[in-house]
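This report describes a protein chain for a reader who is new to structural analysis. Please keep the sequence and the structure at hand while reading.

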Amino acid sequence: MSVVAGKKLPRTKLPPDARPDTLAVREGLPASQWGENSEALFVSSSFVHPDAATAAARFANEEEAFIYSRFSNPTVTMMERRLAALEGSEACIGTASGMGAITMLVLGLLKAGDHVVCSHSVFGSTIRLFGDFAKFGVQTSFVSQTDVAQWRAAVRPETKLLFAETPTNPLTEVCDIAALAKIAHAAGALLVVDNCFCSPALQRPIALGADIVMHSGTKYLDGQGRVIAGALCCTQQLIDEKFMPVQRGAGITLSPFNAWVVLKGLETLALRMREQSARALSLARWLEQHPAVERVYHPGLPSHPQHELAMRQQGGVGGPVASFVVRGRDAAQARANAFAVIDATRVCSITANLGDTKTAITHPASTTHGRLSEAQRQAAGIGQGAIRIAVGLEDLDDLKADLARGLDAIR
Ligand SMILES: Cc1ncc(COP(=O)(O)O)c(C=O)c1O
């Protein structure tokens, strides 16, 4: 976070070479004077100063301390430190949501006349939000997720940001983070990577050259579908100079309770990601064999167009999300068939939020990407027959039976 979470506050007693599994459970702040073993939830709007002179020093940023929870809170700091440790970034700032993190990014880094290059396959609301910033003079060019030459060609002298999400929602297209970082840096711009789908358990964009990692903590970081949360992971300097002033003024604040849930979610992140990804791959292989399925998208499948890149970039793991396209002679029938498969499920949740231990099934063209124009949807390759499945921790055979019920009925 902040001035506050920065270098001067006390750190947990961990060896400097502690590994990710240890950091996921232990990084944060030292326990309070009561010695709690599970991290405390500090539900307090403000913090008390011992005397007026100390209050003055703290308000003048001469002394680090917690002041007011719009921009500094111990539970939020613990979450920020733990996530930064996992992403391998110097620092992190929590935000109210993933979309709030993108809003902070734009408010903190861009001004009228600046330009962004973004994949046209990113999350639908991200495309909408970058579109909305055009009214403040920030223009965005949308390019192919996978064609590096298109990213390079779209860069202009006023380009300040390249924004990527990998793998994408819902078709799991993978972009080359290291290649995009080179393009960004050659242009004097920053590369931001939305790391929702992999999380730092599988993919660490900063090690590949990205400057900022953006998160919807709502997804795998929480991991059980409980809270809305977001974060930006980057250097302390970017936070102090660009993002903390936005947080103080605009108040895109992560609540202590939501931060606490994410903090505890991070403790099981690696286990969940490995297990849910293994189930997703197994389900994707099974779907590939089903006669009612036209195509399956999962980075772990050798048939995935960026399979090798994904394996390199994601530690050999495809991730917990797969999408598939059901057959249909035209768009209307493909949509009807997709709806029938979804409606026949009894185990899966018909919900758009991914990242849960409960498997989520959704029809992207009418939900997550329903607000896009037909042209934008086609550019992203999202047809009416596509179904996204974010695989949870239910028994794999129960999940197969759940999908087979609807798929077997397609003629
Ligand atoms: C890839 C991706 N990025 C960002 C977001 C936005 O996150 P939030 O819902 O926490 O605002 C989502 C939400 O679905 C997402 O899937």
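## A buried aromatic pair

F163 counts as buried, because its relative accessibility is 0%. The model discussed here is a predicted one. F130 is likewise buried, with a relative accessible area of 1%.

The structure holds five aromatic pairs. One of them is formed by F130 and F163, with the rings edge-to-face, 5.3 Å centre to centre and 65 degrees between the planes. F130 belongs to helix 5 (residues 124-132) and F163 to strand 4 (residues 159-165), so this pair ties together parts that are 33 residues apart in sequence. In general, the distance of the centres and the angle of the planes describe a pair of aromatic rings.

Which residues of helix 5 are buried? They are G124, T126, I127, L129 and F130. The elements that cover them include helix 4 (98-109), strand 2 (115-119), strand 3 (139-143), strand 4 and helix 14 (374-379).

## Two domains

The domain assignment of the chain gives domain 1 (20-266) and domain 2 (273-407). The centres of these domains, taken over C-alpha atoms, are separated by 27 Å. To the contact between them, domain 1 contributes 35 residues and domain 2 contributes 37 residues.

Seven strands form an open sheet in the order 1-7-6-5-4-2-3, and the pairing is mixed. Strand 1 and strand 3 stand at the edges with a single partner strand each, so one side of each has no neighbour in the sheet. From one strand to the next, the twist averages 20 degrees.

Strand 1 (residues 91-95) is an edge strand, and yet five of its five residues are buried. A91, I93 and T95 point one way from the strand, while C92 and G94 point the other way. Strand 1 pairs with strand 7 (residues 230-234) in the antiparallel sense over five bridges. Within this pairing, T95 has G230 as its bridge partner.

Strand 7 also runs antiparallel to strand 6 (residues 212-216), to which four bridges join it. Here the bridge partner of H215 is A231. Helix 7 packs on the sheet and touches strand 4 and strand 5 (190-194), its direction making about 150 degrees with that of strand 5. Helix 9 (residues 236-250) packs on the sheet as well, touching strand 1, strand 5, strand 6 and strand 7. The direction of helix 9 makes about 20 degrees with that of strand 1.

Strand 8 pairs with strand 9 (residues 321-326) in the antiparallel sense, over four bridges. In this pairing V296 stands opposite F324 of strand 9.

Most residues other than glycine have a negative phi, and most peptide bonds are trans. The loop between strand 4 and helix 7 (177-186) contains P167. A cis peptide bond joins T166 and P167, with omega about -5 degrees. P170 is found in that loop as well, and a cis peptide bond with omega of about 5 degrees joins N169 and P170.

T172 lies in the loop between strand 4 and helix 7. Although T172 is not a glycine, its phi is positive, at about 55 degrees. Is T172 buried or exposed? T172 counts as buried, because its relative accessibility is 1%. S199, in helix 8 (residues 199-202), also has a positive phi, near 65 degrees. S199 is buried, with a relative accessible area of 0%.

## A charge over a ring

Finally, R248 lies over the face of F71, at 4.0 Å from the ring centre.

Definitions and conventions. Residues numbered from 1 in each chain as written. Predicted model: local features only at pLDDT ≥ 70, side-chain atom pairs only at ≥ 80, totals over all residues. Heavy atoms only, no water. Pairing = 2+ DSSP bridges. Helix = DSSP H or I, 4+ residues; strand = E, 2+ residues; numbered from the N terminus. Phe/Tyr/Trp six-rings, centres within 6.5 Å; stacked < 30°, edge-to-face > 60°. Buried < 20%, exposed > 50% of the residue type's maximum accessible area, 1.4 Å probe, protein only. Lys NZ or Arg CZ within 6 Å of the ring centre and 35° of its normal. Contact = heavy atoms within 4.5 Å. Domains from an automatic or database assignment. Axes fitted to C-alpha atoms, helices over the stretch in contact; angles between N-to-C directions.
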